[in-house]
Amino acid sequence: MVHQALAFSETAPSVPGSLQFAGAGSKAINFLTEDNKVLTLHLFGEGVSPSGWSISGPVFRYISQLAPKASKIRLQDSGICIDKFHLAKGKNGLWLKAANKTELTFELLSQFLCLQEAQTGLYGPLGVLVQSGDISACFPVLKPLKCWFEGGEPDWQGIIGAGPGLTPSHDDMLVGMLACAYSIPEFRDKAPVLLPASLDLDYWTTSVSAGYLSQARNGFFSDSLLAVIDSSPDTLYDNAGHFLSHGHYSGADTLLGMWLFLSLYHHLFK
């Protein structure tokens with residue numbers, strides 16, 4: 001029987017070499033390549049990251065049990081080998097680059113977030129924060145964001161890497177901000193500057209998060225986050241509701257980052 005990924009990101013690591021198991025959750029299994037790039041296997045139905053493949057439930061559960069104790073894991077042109085198990089890459093490639101457009105507005109996202117009880121990693125319940133409008137607690141991430149809006153180069157040292165999980169809260173928030181920057185035409189050209197290439201991501205945060213931030217720096221995001229960005233008023237609640245379930249805090253933190261970006265954009269330019 002041939003086990004095959006259902007879909008894969010065209011920007012996921014593809015250079016053959018050994019892989020290191022980097023942890024598994026209920027929806028994602030992470031590996032690191034020889035050059036410390038992240039490769040994620042996602043449970044089907046939970047989206048595909050720009051560094052990931054989507055696999056069926058039975059295959060996901062099998063690999064979740066096999067990978068932590070495997071003696072040899074290797075990425076090949078044809079797929080991933082975990083001991084004697086082979087997962088073929090398949091042919092359903094996805095190009096997960098943000099488009100130069102969005103219908104998402106500060107008002108529309110605020111309406112949705114006001115109704116949410118989901119907890120962020122560092123700033124409490126989403127709905128409470130958005131309803132209050134008091135974003136002073138988020139000053140550490142707002143300061144470099146404002147610097148970028150005003151044409152400067154933001155300094156994220158000591159800010160990214162803060163918060164719980166493999167993808168800390170501030171990192172997820174920054175991914176949300178980058179998604180907005182790449183999707184609003186007037187900011188797209190300077191979007192890469194929001195996360196300067198000079199910042200050593202591997203030093204400041206986890207290897208898994210560094211991989212996702214590196215993809216976001218170049219304008220690549222998960223298909224579920226792109227769905228939020230591409231939402232119309234009729235589809236936002238479904239798309240954002242689905243995205244909100246990602247990770248323990250990741251979905252909420254990413255949406256908070258988007259809301260903070262749009263809030264500051266609304267304040268400075270509208």
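The side chains of Lys146 and Glu150 meet in a salt bridge, with N and O 2.5 Å apart, where a salt bridge is a side-chain nitrogen of Lys or Arg within 4 Å of a carboxyl oxygen of Asp or Glu. Lys146 is partly exposed, with a relative accessible area of 35%, whereas Glu150, at 55% relative accessibility, counts as exposed; buried means under 20% relative accessible area, exposed over 50%, and partly exposed in between, with a 1.4 Å probe and protein chains only. The model is a predicted one, in which local features need pLDDT of at least 70 and side-chain atom pairs count only at pLDDT 80 or more, while totals for chains, interfaces and linings use all residues. Residues are numbered from 1 along each chain as its sequence is written, and side-chain values use heavy atoms, with hydrogens and water left out.

The structure holds three salt bridges. In one of them, Lys27 pairs with Glu46, the closest N and O atoms being 3.6 Å apart. This pair links distant parts of the chain, since Lys27 is in the loop between S4 and S5 and Glu46 in the loop between S6 and strand S7 (52-55), 19 residues apart; helices (H or I, at least four residues) and strands (E, at least two) are DSSP runs, numbered from the N terminus. Lys27 counts as partly exposed at 26% relative accessibility. Another salt bridge joins the side chains of Lys37 and Asp35, at 3.9 Å from N to O, and Lys37 is partly exposed at 48% relative accessibility.

Two loop residues come next. Most residues other than glycine have a negative phi. Asn36, although not a glycine, has a positive phi of about 70°; Asn36 is found in the loop between S5 and strand S6 (38-43) and is partly exposed, at 30% relative accessibility. Asp83, which is not a glycine either, has a positive phi of about 55° and is found in the loop between strand S9 (79-82) and strand S10 (85-88), with a relative accessible area of 35% that makes it partly exposed.

The interior can be described through its nonpolar cores, a nonpolar core being a set of buried Ala, Val, Leu, Ile, Met, Phe, Trp, Tyr and Cys residues joined through side-chain atoms within 4.5 Å. The largest such core has 60 residues, of which Trp156, Phe221, Leu260 and Phe261 touch the most other members. Several helices each supply at least two residues of this core, including helix H2 (106-113), helix H5 (169-183), helix H7 (207-217) and helix H10 (250-269), and the largest share, ten residues, comes from H10. Apart from this core lies another, of 23 residues, among them Phe8, Phe60, Ala70 and Leu75. Leaving aside its neighbours within four places in sequence, Phe261 is in contact with Leu145, Trp148, Phe149, Met177, Cys180, Ala181, Ile184 and Phe187, where contact means heavy atoms within 4.5 Å.

Rings of Phe, Tyr and Trp (its six-membered ring) pair if their centres lie within 6.5 Å, and planes under 30 degrees apart count as stacked, over 60 as edge-to-face and the rest as tilted. The rings of Phe21 and Phe31 have their centres 6.2 Å apart and their planes at 70°, so this pair is edge-to-face. Phe21 lies in strand S4 (residues 20-24) and Phe31 in strand S5 (residues 28-32), so the pair ties together parts that are ten residues apart in sequence. Phe21 is partly exposed, with a relative accessible area of 25%, whereas Phe31 is buried, with 0%. The rings of Tyr182 and Phe221, with centres 6.3 Å apart and planes at 65°, also form an edge-to-face pair, and both Tyr182 and Phe221 are buried. Elsewhere, ring pairs link Trp148, Phe149, Phe187, Phe261 and Tyr265 into a cluster.

Finally, Arg217 lies in helix H7 and is buried, with a relative accessible area of 12%. Not counting residues up to four places away in sequence, Arg217 touches Leu178, Tyr182, Pro192, Leu195, Pro196, Ala197, Leu199 and Leu201. The C-alpha atoms of Arg217 and His86, 131 residues apart along the chain, are separated by 32 Å.
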